Amino acid sequence: MISRAECVDLISRRFPDFASDGSGLVLRFIEFADFVVERLRKDADARAVFETVESLMTDGDEEVSTATATGFLESLLHAASAGRVDAARFAGLLGERVFQRAEERHVAPGFREARFELPMRLFASRDVGAMARGGLDGSLEGLEDLLIAA
């Protein structure tokens, strides 16, 4: 299990540009979510971020896993609902284990549903540009791959 100290060290090593003033773990994750939102807005590749988040949420001890869900995931969802970031930029980057752990902790209600609704809304609107920004190549095959992965 990944402990609090290991979690802080892991994020610092993998994302040296991220600096946190938060003394508590949840506050660090809220700040980390803001850091990620800014990266997503600059079209930076965020796969490493979400791989790290999945690892912390599923392999972290109770404190780390809960702080990841309540600090990071909920902040990310709030940023998307406030229009600060397009959910298409991260919807396909979250693994199934993240959704399972979020549900176990009763955080981020509607999180799983939002993941399934997003590709369908993009497809229904035929917004190929939005599909491409979401990590798809704009083809129906790319959409099918995302839906199968979901």
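A: Let's take the helix packing, then the aromatic rings. Keep in mind that this is a predicted model.

Q: OK. At what angle do helix 2 and helix 3 pack?
A: About 155°, with the axes 12 Å apart. Helix 2 covers residues 25-41 and helix 3 covers residues 47-59. Angles over 145 degrees count as roughly antiparallel, so helix 2 is roughly antiparallel to helix 3.

Q: Is the crossing left-handed or right-handed?
A: The crossing of helix 2 and helix 3 is left-handed.

Q: Which residues meet there?
A: From helix 2, F29, F32, V36 and R39. From helix 3, V49, F50, V53 and L56. By class, that contact has seven nonpolar residues, one charged and no polar.

Q: Switching to rings. How many aromatic pairs are in the whole structure?
A: The search finds seven. One of them is F18 with F32: the ring centres are 5.1 Å apart and the planes sit at 70°, so this pair is edge-to-face.

Q: Where do those two sit in the chain?
A: F18 is in the loop between helix 1 (4-14) and helix 2, while F32 is in helix 2. They are 14 residues apart.

Q: Buried or exposed?
A: F18 is buried, at 13% relative accessible area. F32 is also buried, at 1%.

Q: What about F50 and F72?
A: Their centres are 6.0 Å apart and their planes are at 65°, so they are edge-to-face. F50 lies in helix 3 and F72 in helix 4 (residues 62-81), so the pair ties together parts 22 residues apart in sequence. Both F50 and F72 are buried.

Q: Which rings end up in a cluster?
A: Ring pairs link F15, F18, F32, F35, F50, F72 and F90.

Methods:
Residues numbered from 1 in each chain as written. Predicted model: local features only at pLDDT ≥ 70, side-chain atom pairs only at ≥ 80, totals over all residues. Heavy atoms only, no water. Axes fitted to C-alpha atoms, helices over the stretch in contact; angles between N-to-C directions. Helix = DSSP H or I, 4+ residues; strand = E, 2+ residues; numbered from the N terminus. Parallel < 35°, antiparallel > 145°, perpendicular 65-115°, else oblique. Left-handed = near helix turned anticlockwise from the far one by under 90°. Contact = heavy atoms within 4.5 Å. Nonpolar A, V, L, I, M, F, W, Y, C, P; charged D, E, K, R; others polar. Phe/Tyr/Trp six-rings, centres within 6.5 Å; stacked < 30°, edge-to-face > 60°. Buried < 20%, exposed > 50% of the residue type's maximum accessible area, 1.4 Å probe, protein only.
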